[in-house]
Amino acid sequence: MPQAIDVSTDVGALLNSARASFQDIPMPLATCLALWRRAAACTPGADPLALPAVMPHTYPSTSRPEIAAVLEGLPLGEWSMTLATIEFLLNKIERMRPHTILEFGSGASTLALACMMRRLHGGSKTPHIFSVDQSPHYVQQIESRLRFHGLHESVRFMTAPLISQVIQHMRTECYQLHDQDLHGFFGQSRPDLVIVDGPAADHGGRFGTIPLVRNFLSDHAWIYMDDALRDSELSIADWWDRLGYVKDCGVLWLGKGLLTARLNSRELLAHEPAVGTLRQLLEPSEQGQNHHTRELPPPALLAYTPFTCERVAPSGVSEKAQVISAASRDGGPSCLFLNTYYPGFLTHHYRVMSGRASQSYEAQRLALQQACFGDSDFYSFGMTLAGWQAEDVIVNCTPLQEAWAREQDYRGQGQLLDIAIEQVRRQRPEVLYLQDLGLATKEFLARIRPHVTVIVGQIASPVPVDADLKGLDIIFSSFPHFVEELRKQGITAYYQPLAFEPRIAQTLAPVERSHAVTFVGGLSPAHKERRLFMASLAELVPLECWGYGVDSLRASGVKETRLHGEVWGRDMFSTLRRSRITINHHIDVAQTYANNMRLFEATGCGALLVTDHKDNLDNLFTVGEEVIAYRSLEECAELVRYYLAHPEEARRIAERGQARTFRDHTYAKRMAQTAEILSRHLEERQGHHRLPDPDLVHVSYGKEAIQPNDVTTALATSWQSPAIPLKQRALVQQELAALYQGRPPIVYRVLADAMRPFIAPDCCVLEIGCASGYYYEALEYLLNTRLSYVGVDFSPAMVALAQQYYPRASFHVGNGAALTFPDHSFLIAISSCVLLHVVDYPQHIQEAARVSSQIVVLHRTPVCRAHPTSHFKKFAYGIETHELRLNESEILSLCRDQNLELVQRLEYDSHPERDEFEATYVFRKAGSHE
């Protein structure tokens, strides 16, 4: 048990006491920042916690002879990692036995880590350390030492220059790391330990490291950052914590300070004397606050202030000056969100503070969003993180909108919708996003259409009678059946589940879960089945109910003491935070699909969610491990009674549910997808990619039979011609337009149908022969899920065009017969209309089977059944090319040789009289389903 910190007026004694107490266990970040404030107030200059260390010129000997040997004579600079820090990390690695380590900043640590990982994992040629550094010269030095000691195969290096870039809406100088490069760098590996000791850059340079690689790391990876007691690194830790990248942040007073944290971890530090120390260190005015409220002043380059429910205005600064509207910031395209709030909430909000209605527009809007009702600023904040300019308008809030009209000297008709239309007219956003389709009347859409480029609607409730759905350009819905029906009507519709904002959980104080079983929601006429269900459930378990309409349960015999009325915003989240078990029951219109906000609000607040079973629930959570599902009233009651009797099991499931929500179901993640989709449609509307009109006559013509030895190099490489990509893309754009009008081309539908039984959200998919990457767009649309997509094409011009259209996807120039990816890198490998153009098609099949872990799809394969494989030459887009018609039996035999089992043949064009068939084949690797 560490000793308690001696809280003294003498800062030196205070720091010495902290060092003694937190040498072996992490000081929680909140405590560290509070201590920093005390030290900074008394100590002039920067880095008051990071006292100068006297460093030897070279690394001293250690108790580990093998480590001493590799470090012998290595020079020690001012900011080199200390030997004590290296030894701590080595001890940690011995205990946790990580499979792979990612290191930012190579040096002594690289050598020591390589030695330790070789000891743990033997002499495997598979690299166990991935090291990123900005200096090619320094990498060469470290690599030479590794080679001298026979450790070079344990480490893979990436040299990445520093560039000024915007990461999470913050401009900083960090490594230039692209997803496609990282995919090739890591291969199948997902590092489970990250060490941040670089880059060598100005204040805040290490901020971008974790955001840039987060998607390539193992879940709950350990993170360590050296020099953690410097002002810059403390600020970075605070920002990482507030942005939700890391949890359990603490600082070891070891060497120059070592940050310890977990990626997406929900485990809490429970070390004494942390809680008591924090109370003692905080000034009286700070009691009860946390470091999200009075944060370490961020460095100038990291000046964007995120959401907080209790932000304190600096003295002397007006409320109006604190808020900078998104539209005033320089940056990406603009999006204006039009929202409506429940009248009951608005009445409550203005009633609890009578003078609020007379405040400025910005002060009222900020207060409304800080109340955390509904979507608050969650959508706009997520879009801002994605690089857009985004702002909210609460259309039906009379005091708020009238304040805007007064301040902007708007003297229109004075109706709320007129004010909203004027706001749209003045801002002229490129995208207008209606979060309430009750606004989407023909009249309203006609009045705003001249002032925007794209109009988007969102629906997760019954469609309003007056909504003009075809007047919208795009609709997002969390109802899969709505998406299907909208597409049948020729409307561009995307499936997107709802989400949770982790900043909410960060503002909720830790409390005892004093409510055993709760329902927190609404019981309106649209919730007829839910009302009957809750009334019956209350007879079987000790259910307590909060929300609008719960008083209606009184007529069903539910006791008054269990009915607590309406809770809004933060009060609602606090109620969920106090719940051990909370019940979910979907609105009637949801039919057989899980979609409502309670799925994510309840799990995000750490309650055990017991929800009605739905067809797609497994796509959102692992049932039985992260949430509990019931199929009947009786089963629900039985499950509740079981988990009340087994609280530890319930707690573990709730923690896993919360971790899943924080990892996969945040507004930041949803809005990253929305931003990508809207950018694509916006660019098409604005004509950013101008293409020639498609010449349908000359897409394919002049076909004639040839012999195999007639295939010249020119014919074999013809698809590399730079004259083809734009001509083909012009045709693709017509196909995509038909897709969004509800008429997807048959080859799009066939490939989506082939993949549908096997995909999962964010699963890894490789397309060999990706051309301009259009299947990335089409498949995500048709399959209603995000894909971790990689495209390969042997035409540099095609790949360049793909990167232009889809900057967030990963594309590579490569030969399908000699892929550079490791074995089993992708769940699904698609050979996309490639085999008919390559003489070495057996090698193509072999490579597709090698890099796939489960499924291989041979898409758009022309075959014959009575004749052997035949060769032809023809013109494609005006370029003479080579083409094959493959014998089906031969192709199936080649696949069997690669242990591929035929699962499905999708034949979509047949001419038996000519022995010509067009088909897509789906194979499963033998043994992959066991």
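This passage walks through the overall make-up of the protein chain and then through several of its local features.

The structure is a predicted model. Its protein chain holds 33 helices and 31 strands. Of the 930 residues in the chain, 57% are buried.

A pair of helices comes next. Helix 24 (residues 633-645) packs against helix 25 (residues 647-664) at an angle of about 105°, and their axes are 5 Å apart. Since an angle of 65 to 115 degrees counts as roughly perpendicular, helix 24 and helix 25 are described as roughly perpendicular to each other. On the side of helix 24, the contact is made by Y642, Y643, L644 and A645, while helix 25 contributes P647, E649, A650 and I653. Sorted by class, the residues in this contact are 7 nonpolar, no polar and 1 charged.

Several loops also deserve a visit. The loop between strand 7 (193-196) and helix 8 (209-213) contains P199. The peptide bond leading from G198 to P199 is cis, with omega near 10°.

Two residues other than glycine have a positive phi: D409, at about 55°, and N899, near 60°. D409 sits in the loop between helix 15 (398-407) and helix 16 (416-427), and its relative accessibility of 47% makes it partly exposed. N899 sits in the loop between helix 33 (888-897) and strand 30 (900-911). With a relative accessibility of 52%, N899 counts as exposed, the cut-off for that class being over 50%.

Finally, E539 is found in the loop that runs between helix 20 (528-537) and strand 18 (543-546). E539 is exposed, having a relative accessible area of 64%. Between E539 and S556 there is a distance of 9.8 Å in space, taken from C-alpha to C-alpha, and the two are 17 residues apart in sequence.

Terms used:
Residues numbered from 1 in each chain as written. Predicted model: local features only at pLDDT ≥ 70, side-chain atom pairs only at ≥ 80, totals over all residues. Heavy atoms only, no water. Helix = DSSP H or I, 4+ residues; strand = E, 2+ residues; numbered from the N terminus. Buried < 20%, exposed > 50% of the residue type's maximum accessible area, 1.4 Å probe, protein only. Axes fitted to C-alpha atoms, helices over the stretch in contact; angles between N-to-C directions. Parallel < 35°, antiparallel > 145°, perpendicular 65-115°, else oblique. Contact = heavy atoms within 4.5 Å. Nonpolar A, V, L, I, M, F, W, Y, C, P; charged D, E, K, R; others polar.
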